[in-house]
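Please keep the sequence and the structure in view while reading.

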Amino acid sequence: PRRSARRAWTREDIATLQALYSHRTTAEVARRLGRAISAIYRQAQLHGLRKSAAFLASPLSSGITGTTL
């Protein structure tokens, strides 16, 4: 089986993820970084990042992918 090419995460990518993840939708972070949503979730988990309480209480936090209804 052939594996798809994966782009390494740079320090800049990680810094952007850390700056945005807690208060932006995962879909928005994925678009900004040009990555799959699953990759954002994985890196957030690896770096101990969580959504903020304010974000989770907001209308933007409406689903698993972070998209609004």
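This is a predicted model: local features need pLDDT of at least 70, side-chain atom pairs count only at pLDDT 80 or more; totals for chains, interfaces and linings use all residues.

Contact is taken here to mean heavy atoms within 4.5 Å. By that criterion, what covers the buried residues of helix H1 includes helix H2 (26–33) and helix H3 (37–46).

- Helix H1, which spans residues 11–20, has as its buried residues Asp 13, Ile 14, Leu 17 and Leu 20; they lie on the same side of H1 because they cover an arc of only 140° around the axis.
- On the face of H1 that is turned away from the buried side, the exposed residues are Arg 11 and Glu 12.

**The nonpolar core**
- The largest nonpolar core consists of nine residues, namely Leu 17, Leu 20, Tyr 21, Val 29, Ala 30, Leu 33, Ile 40, Ala 44 and Leu 49.
- At least two residues of this core come from each of H1, H2 and H3, and H2 gives the most, with three residues.
- When residues up to four places away in sequence are not counted, Leu 17 touches Trp 9, Val 29, Leu 33, Ile 40, Gln 43, Ala 44 and Leu 49.

**The protein as a whole**
- The protein has four helices and zero strands, and 29% of its 69 residues count as buried.
- Among contacts between residues at least 6 apart in sequence, 56% join residues at least 24 apart.
- The protein exposes about 5,100 Å², of which carbon and sulfur atoms supply 54%.

Terms used:
Residues are numbered from 1 along each chain as its sequence is written. Side-chain values use heavy atoms; hydrogens and water are left out. Buried means under 20% relative accessible area, exposed over 50%, partly exposed in between (1.4 Å probe, protein chains only). The arc is that of the directions from the helix axis to the C-beta atoms. A nonpolar core is a set of buried Ala, Val, Leu, Ile, Met, Phe, Trp, Tyr and Cys residues joined through side-chain atoms within 4.5 Å. Accessible areas come from the Shrake-Rupley method with a 1.4 Å probe; for residues, only the protein chains shown count as cover.
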